[in-house]
Amino acid sequence: MIAGFIIQGAERKTVIIRALGPELTRFGVPNVLINPTLELHDGTGALIASNNNWQTTIIGGIIMQSQVQRIINSGHPPMDPRESALIASLPAGKYTPIVRGVNDTRGIGLAEVYDLSPDTDSTLHNISTRSFVQTNDKVMIGGFIITGNRPRRVIIRAIGPELAQFGIPNVLADPTLELHDGTG
């Protein structure tokens, strides 16, 4: 699963990025990705951080010290130790989290990005996901949360043919889009 997000503004934005699988079973999701790993790439495609099993920090790139306590303190620690997470303080730019299964395993996974510094002047401006779309219970499902008391204006798009210009093969020829509320 390849996700993408954009940070805009002059200040750094601190985010937690999670790759989930096992904890999805408590929501009735079948065939979960048993052991997801997480990579974070910058706008040039360079690998800047990674994680496999959130309770073990992988030092390197932008990760300089153990993140376990920071992940716990964020309020968003994964429920299963096999799931992956990392916290990053990022300048404005484009970023790509990639979720994979350990040893090329397959299953249903979830990539998430949470804003841990909502009071900065920078914004987590956009999030998108590229994945293989199938039919019936194998469709691609995205989600978002709006917080606060005021309505927010958002744009939600399902894109297929447009992706071909970026060299992406096997694009979805005629995507459809449904919007469901929190009750389904």
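## Salt bridges

Let's start with a pair of charged side chains: Arg 82 and Asp 80 meet in a salt bridge, with 3.0 Å from N to O. The term means that a side-chain nitrogen of Lys or Arg lies within 4 Å of a carboxyl oxygen of Asp or Glu. Arg 82 counts as partly exposed at 33% relative accessibility, while Asp 80, at 15%, counts as buried. Here, buried means under 20% relative accessible area, exposed means over 50%, and partly exposed is in between (1.4 Å probe, protein chains only).

A word on the background: this is a predicted model, in which local features need pLDDT of at least 70 and side-chain atom pairs count only at pLDDT 80 or more, whereas totals for chains, interfaces and linings use all residues. Residues are numbered from 1 along each chain as its sequence is written, and side-chain values use heavy atoms, with hydrogens and water left out.

Searching the whole structure gives 5 salt bridges. One of them joins Glu 112 to Arg 18, with the closest N and O atoms 2.6 Å apart. This pair links distant parts of the chain, as Glu 112 is in strand β7 and Arg 18 in strand β2, 94 residues apart. Both Glu 112 and Arg 18 are buried. Another salt bridge brings together the side chains of Glu 23 and Arg 26, at 4.0 Å from N to O.

Strands are DSSP runs (E, at least two residues), numbered from the N terminus, and two of them pair if DSSP finds at least two bridges between them.

Strand β2 covers residues 13–20 and is joined to β5 by 7 bridges. Within this antiparallel pair, Lys 13 stands opposite Leu 90 of β5.

The structure has 1 aromatic pair. Phe 5 and Tyr 95 are its members, and they are stacked, with 5.5 Å centre to centre and 25° between the planes. Phe 5 belongs to strand β1 (residues 2–8) and Tyr 95 to strand β6 (residues 93–101), so the pair ties together parts 90 residues apart in sequence. Rings of Phe, Tyr and Trp (its six-membered ring) pair if their centres lie within 6.5 Å; planes under 30 degrees apart count as stacked, over 60 as edge-to-face and the rest as tilted. Phe 5 and Tyr 95 are both buried.

Strand β3 (residues 36–41) includes Thr 37, which is buried with a relative accessible area of 16%. Leaving aside neighbours within four places in sequence, Thr 37 is in contact (heavy atoms within 4.5 Å) with residues including Ala 19, Asn 51, Ser 84 and Val 102.

## Two positive phi values

Most residues other than glycine have a negative phi. Asp 104 has a positive one, near 60°; this residue lies in the loop between β6 and β7 and is exposed at 72% relative accessibility. Phi of Asn 170 is also positive, near 55°. Asn 170 sits in the segment after β8 (123–130) and counts as exposed at 73% relative accessibility.

Key: Helices (H or I, at least four residues) and strands (E, at least two) are DSSP runs, numbered from the N terminus.
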